[in-house]
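Trainee: I would like to go through the labels on this structure one by one. Can we start with the surface terms and then take the charged pairs?

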Amino acid sequence: MSPIRPENRHRYPNDWTEISLRIRTVRAAGRCECLGECGRGTHTGRCPNRNGQPAYGTGSTVVLTVAHLDHTPENCDPANLRAMCQGCHLHYDRDHHRQTAAATRRAAIENAGQLTITDHERHST
């Protein structure tokens, strides 16, 4: 299971550990469920990676995680969850991570009173 950032822990249900375990072990039977939606372009059909086994291509040990397809931790409908190896999961989330990182950086700048000149002009009109 991928680590949950402390600031997001409250967004997950209390039984997330059980939900994640059920998706990874029962439904996925320990195998990545990615069908290419990760966008890596490294596999056709279902990803062959299995939890605890060497990953294809890299040989690193596979860690099976659970991805929220809509990036919303509160939405734990099984149709919104996909067991993914760490490679597929990270690649699937890459654009979402970029967006949230940019928003976090911007909030830190604004909280420090460091709006850009363009932002200042936009806010003062």
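**Labels and their cut-offs**

Mentor: Arg9 counts as partly exposed, because its relative accessibility is 47%. Before going on, note that this is a predicted model, where local features need pLDDT of at least 70, side-chain atom pairs count only at pLDDT 80 or more, and totals for chains, interfaces and linings use all residues. Residues are numbered from 1 along each chain as its sequence is written, and side-chain values use heavy atoms, with hydrogens and water left out.

Trainee: Why is Arg9 called partly exposed?

Mentor: Buried means under 20% relative accessible area, exposed over 50%, and partly exposed in between (1.4 Å probe, protein chains only). Arg9 has 47%, so Arg9 is partly exposed.

Trainee: Where does Arg9 lie?

Mentor: Arg9 lies in the segment before α1 (16–27). Helices are DSSP runs of H or I with at least four residues, strands are runs of E with at least two, and both are numbered from the N terminus.

Trainee: What makes the pair Glu7 and Arg5 a salt bridge?

Mentor: The term needs a side-chain nitrogen of Lys or Arg within 4 Å of a carboxyl oxygen of Asp or Glu. Here the N to O distance is 2.7 Å, and the pair qualifies. Glu7 is partly exposed because its value is 43%. Arg5 is exposed because its value is 55%.

Trainee: How many salt bridges does the structure hold?

Mentor: Four. One of them joins Arg27 and Glu33, with the closest N and O atoms 2.8 Å apart.

Trainee: Why is Glu33 called buried?

Mentor: Its relative accessibility is 11%, so Glu33 counts as buried. Arg27 has 36%, so Arg27 is partly exposed.

Trainee: What about Arg82 and Glu37?

Mentor: Their side chains meet in a salt bridge at 2.6 Å, N to O. Arg82 lies in strand β2 (residues 81–85) and Glu37 in the loop between α1 and β1 (64–68), so the pair ties together parts 45 residues apart in sequence. Glu37 is partly exposed because its value is 29%.

Trainee: Which elements does the chain hold, and in what order?

Mentor: Three helices and two strands. From the N terminus on, they run α-β-β-α-α.

Trainee: How much of the chain counts as buried?

Mentor: Of its 125 residues, 29%.
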